[in-house]
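Biologist: I am new to this structure. Could you take me through a few of the terms used for it and show what each one rests on?

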Amino acid sequence: MTAVLIILLVPAWTFLGNSVVAVRAQEEEEKITFTYGQPSQRPPVHGNPFIPGNYWGIPGLISEPLAFYHYTLDKYIPWLAESWEYDPDKLVFTVHLRKGVKWSDGAELTSKDVVATFYCSRIVKSWLWNYISDVKAVDDYTVNFELQKPWLLYKYYILRSRIYSYATFGRFSDKYQELLEKGADASEFESLRTEFEQFKPEGRIGTGPYTLKRISDNGAWFVKRNEYWRGIDNVPADEYIQVYIGGAAQVPPMLAGAFDFNSPDVTAEIMKEIEARPWLQCNPKPGGFMPGIAFNSKIYPLSLLEVRQAIAYAINRTEFNVGTMGDPRLAGTPEICVGMLKHQREHYLNKSFVSKYIDPYEYDPEKTIKIFEDLGFTKDTDGVWKTPNGTRLEFDLTLPAYGYWPVGADMLKAQLGRVGIKLNIRVLEIATYNDATRYGRYQIHMCSVSPNPHPWAGWNQYFVGPYDVIPGWDGRIVEVPWVGKVNVTELTVELGATTDPAREKELICELAYIWNHYLPFYDLRDWVWGFVYNTQRWIWPPLDDPFYSWHTLDEAYGLGYALLAPLIRPRAAPAPTPTPTPVPKETEAKINETLLTVRELKASIQELKTAIEELKKAAPAAAAVPMWAIGLIALLAITTIAGWVAAAMWKRPAG
Amino acid sequence: MVLTIYAVLTFTFFLIRLMPGNIVDVLVFQYVMEGVPEKEARLMVSALIGYNMSEPILVQYTNYITNLLKGDLGYSLYYYRVPVSSILGRAVPWTVFVLSIGLTISFVLGVLLGMMMAYRRGGIFDGIATIVGTVLSAVPNYIIGLLLLFTFTMTFPIFTQGLLGGAYDLRLKPGFNWPFIISVLQHGALPIITYVITGMGSWMLRMKANTISVLGEDYVVAAEARGLKKRRIAMSYVGRNAVLPLFTRFTIAIGYMFGGSVLIENIFTYPGVGYYLSFSVTSRDYTLMQGAFLLITCAVVISNFIADLLYSRLDPRIRLE
């Protein structure tokens with residue numbers, strides 16, 4: 001009897017749960033919710049946004065940037081800043097703030113907030129201060145950023161910075177400036193930094209339209225506040241929920257329509273499921289990084305340029321990408337490998353330059369063999385090439401044990417095996433992989449280069465170093481045909497410091513050639529993001545809108561702008577019913593039977609609903625209880641039931 | 001008991017530090033890539049997370065033991081100085097909740113079905129149930145978890161709320177209120193069903209074997225000869241004796257329960273001990289790992305001890321004089 005009761009309890013409670021949640025959902029139907037499924041573990045919640053990797057919601061919800069940058073249109077959209085100008089002679093970037101912007105505590109946004117924000121980043125030694133020498137308030141609405149040197153990306157990094165309230169952080173920035181003025185010693189700055197890192201503000205004052213209502217182990221709940229400087233009615237979502245759910249777990253809720261937007265690793269199989277649901281829309285676009293292989297060119301024979309190039313000719317990139325991803329739309333095979341994203345290649349490199357100087361490394365296994373023969377390599381007994389000194393072309397291919405990497409490694413092994421290069425696949429758990437590759441304990445490893453927001457970022461990672469951290473390639477003096485011998489580190493540093501568009505383009509061409517010719521890294525793929533947009537509750541822009549390219553390059557800012565602008569709006573009409581999949585007649589009969597049962601159950605639910613309403617009225621408000629108490633009570637209840645069962649069995653026989 | 005716990009925590013302390021990679025290097029790398037010199041970056045990271053890797057390991061160990069004796073499990077390295085006890089304190093109730101329900105249901109079902117199989121051995125029911133039991137006990141729980149996940153999404157989308165992960169809808173305030181309780185059940189339903197399905201098989205098979213062996217005992221024949229009702233013999237003579245060894249296993253399983261299930265909790269994004277344990281291993285959060293392992297060790301050792309006491313209490317034949 002007990003067992004039957006228990007067996008019935010869980011499904012019954014779950015069923016009741018569905019009904020009650022449905023009733024609750026009906027009650028809250030008026031609320032417009034936007035749910036974002038983010039495929040990762042929830043980051044730490046420190047409460048202080050200046051701590052690296054700390055959670056503070058997506059840009060715009062609580063704290064807003066000075067401007068949004070639209071990647072696709074290469075345009076800055078003024079936000080907290082109204083306008084700006086740069087004086088290249090004085091190296092001063094002046095930002096004019098919008099008037100009338102209010103913080104959630106009622107104070108007005110002024111230049112004090114901007115100065116406090118940047119000085120707080122200085123307390124924690126933000127790298128921005130490698131370029132900025134000072135931030136000064138000229139008046140209440142004007143801020144001057146004084147640069148130490150010309151800086152390629154000054155506008156991007158300054159304008160996209162989110163601004164935090166002086167009321168919360170001002171005492172720290174003021175203290176820092178005081179220490180600077182009095183010429184304090186390093187220990188005083190260190191003690192301020194330590195104090196600042198321990199500072200965890202309780203509330204979150206922001207200029208954005210939302211406040212953080214609650215945060216749990218796997219998500220955050222933001223609700224709209226009463227007032228907003230742009231007019232709170234212009235923000236369509238009453239509440240915004242960010243769910244952190246990683247790996248395969250995010251696919252079922254996505255397919256069940258639980259998210260309005262999410263960004264999973266879309267595979268061919270998932271793509272098919274999405275296409276079976278017309279209300280889900282996936283618009284694959286190349287994203288912000290490029291997977292490929294990095295060579296440790298300190299190791300012989302990978303130190304030979306010809307060997308790296310021969311490997312590149314032996315890889316069929318199209319076969320690799322289509323084979324790995326299973327769907328040509330997700331393949332993203334780059335036409336050339338220059339360490340630049342697709343839109344950057346289109347923007348900076350013209351066709352004549354590419355055809356003259358850039359080697360596309362078309363798949364040509366015969367060329368690979370010829371290179372080896374020219375180098376005097378011979379084949380070993382098992383068909384693997386060996387160098388004149390007897391070193392076999394047998395390499396460890398190190399890769400992390402997640403995503404599509406292991407499948408890609410098998411493809412590479414097969415392709416290189418065809419030309420007599422042997423790969424030993426070494427799949428490592430992620431922390432072990434990071435440890436091995438970060439300190440050069442690899443021969444060839446699969447990883448990504450991220451030239452975002454500018455090609456300089458990727459080149460800087462490889463050409464400027466620090467070499468003790470990324471030791472893959474250290475050939476600093478190289479030959480560029482139309483320039484002569486150059487120092488690649490100096491070129492990269494110069495690119496990072498140029499503000500002249502013509503010189504910027506020249507340097508980009510030189511560095512693209514070096515990357516392509518000297519191959520510190522061979523970019524195999526333009527990563528393709530398959531962001532998934534649910535159209536049941538929200539109307540998204542047409543699929544050809546530049547928003548989608550921007551969004552895949554800049555997920556958080558793109559989404560923030562879409563919600564605030566708003567580029568998306570709630571669907572007024574009832575959500576479309578997903579197109580049903582054709583079902584066999586027998587199943588249809590069963591469905592009809594089930595429907596009848598459901599109707600009967602609906603009547604019961606109605607009764608239940610009435611009963612719940614009565615209970616709600618009668619029962620006093622439940623007091624909040626700690627989690628451990630709930631767990632303890634659950635444990636006691638279960639133990640009691642188990643004890644009951646045991647007692648029934650142990651009942652002593654009479655006589 | 002205390003010695004076992006001490007040995008395990010000492011072994012764990014040194015073992016996890018032998019793993020390649022550490023959280024300090026990860027954070028230092030972030031700073032270095034932003035232009036901060038490595039030496040300075042190491043000092044900043046140490047101050048930030050409150051952990052100094054350059055300290056001799058024996059000093060670290062002494063500090064750890066000293067703090068442990070004061071009841072201090074330390075602070076999480078990844079979660080920026082959040083006490084480990086607070087993280088585990090949040091996670092344990094959810095693990096206990098789903099696993100205790102799953103364990104109890106699977107135990108009760110397994111015992112009942114196992115007895116039925118034994119009584120009807122050689123019949124169709126026994127044949128089918130034995131195959132089902134063998135399959136269920138052989139299939140890893142994460143496979144069943146994934147199957148359930150996709151079944152209840154693609155075919156019967158009835159746990160949509162629960163699929164969003166977490167232990168309950170974050171918009172609800174925890175407490176004894178109806179929507180919260182329902183939400184908790186919805187989020188816990190799939191992990192519970194997984195534990196029931198995967199746990200039931202082995203209970204069934206063990207109970208069947210035990211029952212068959214008890215059925216051949218003289219006291220059962222004697223009871224039948226006395227004309228006692230079959231139901232009474234099954235419950236009070238056969239069942240009672242056949243379930244004894246299982247009850248010990250059940251008690252030990254309660255101990256293991258505190259470790260949660262790393263795979264199941266990750267598949268369903270359920271924030272129990274297993275979920276945090278797997279993340280602490282990936283992120284090399286030493287203190288959180290140590291805390292989780294200590295909790296599991298204590299639970300297992302204590303449950304073994306209770307099982308010993310319980311067994312002698314339940315079975316008078318082995319009671320110590």
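Biologist: What does Ile293(A) touch, not counting residues up to four places away in sequence?

Modeller: In this predicted model, the partners of Ile293(A) include Ile311(A), Ile315(A), Leu397(A), Leu412(A) and Phe521(A). A contact needs heavy atoms within 4.5 Å, and Ile293(A) touches each of these residues.

Biologist: Which residues touch the most other members of the largest nonpolar core?

Modeller: Phe34(A), Ile293(A), Ile311(A) and Ile514(A) do, in a core of 183 residues. Helix α18 (residues 501–518) of chain A gives the largest share of this core, nine residues. A second, separate core has 80 residues, among them Val98(B) and Leu228(B).

Biologist: Why does Thr142(A) count as buried?

Modeller: Its relative accessibility is 10%, and buried means under 20%, so Thr142(A) counts as buried. Thr142(A) lies in strand β7 (residues 142–147) of chain A. Beyond its neighbours within four places in sequence, Thr142(A) is in contact with residues including Thr94(A), His96(A) and Lys136(A).

Biologist: How do you know that β9 and β10 of chain A pair?

Modeller: Pairing takes at least two bridges, and strands β9 (residues 219–224) and β10 (residues 239–244) of chain A have five, in the antiparallel sense. In one of the bridges, Trp221(A) is partnered by Ile241(A) of β10(A).

Biologist: What makes β8 and β12 of chain A edge strands?

Modeller: The open sheet runs β8-β9-β10-β1-β11-β24-β12 in chain A. β8(A) and β12(A) each have a single partner strand, so one side of each is left without a neighbour in the sheet.

Notes. Residues numbered from 1 in each chain as written. Chains lettered and ligands numbered in written order. Predicted model: local features only at pLDDT ≥ 70, side-chain atom pairs only at ≥ 80, totals over all residues. Heavy atoms only, no water. Helix = DSSP H or I, 4+ residues; strand = E, 2+ residues; numbered from the N terminus. Buried < 20%, exposed > 50% of the residue type's maximum accessible area, 1.4 Å probe, protein only. Core = buried A, V, L, I, M, F, W, Y, C linked by side-chain atoms within 4.5 Å.
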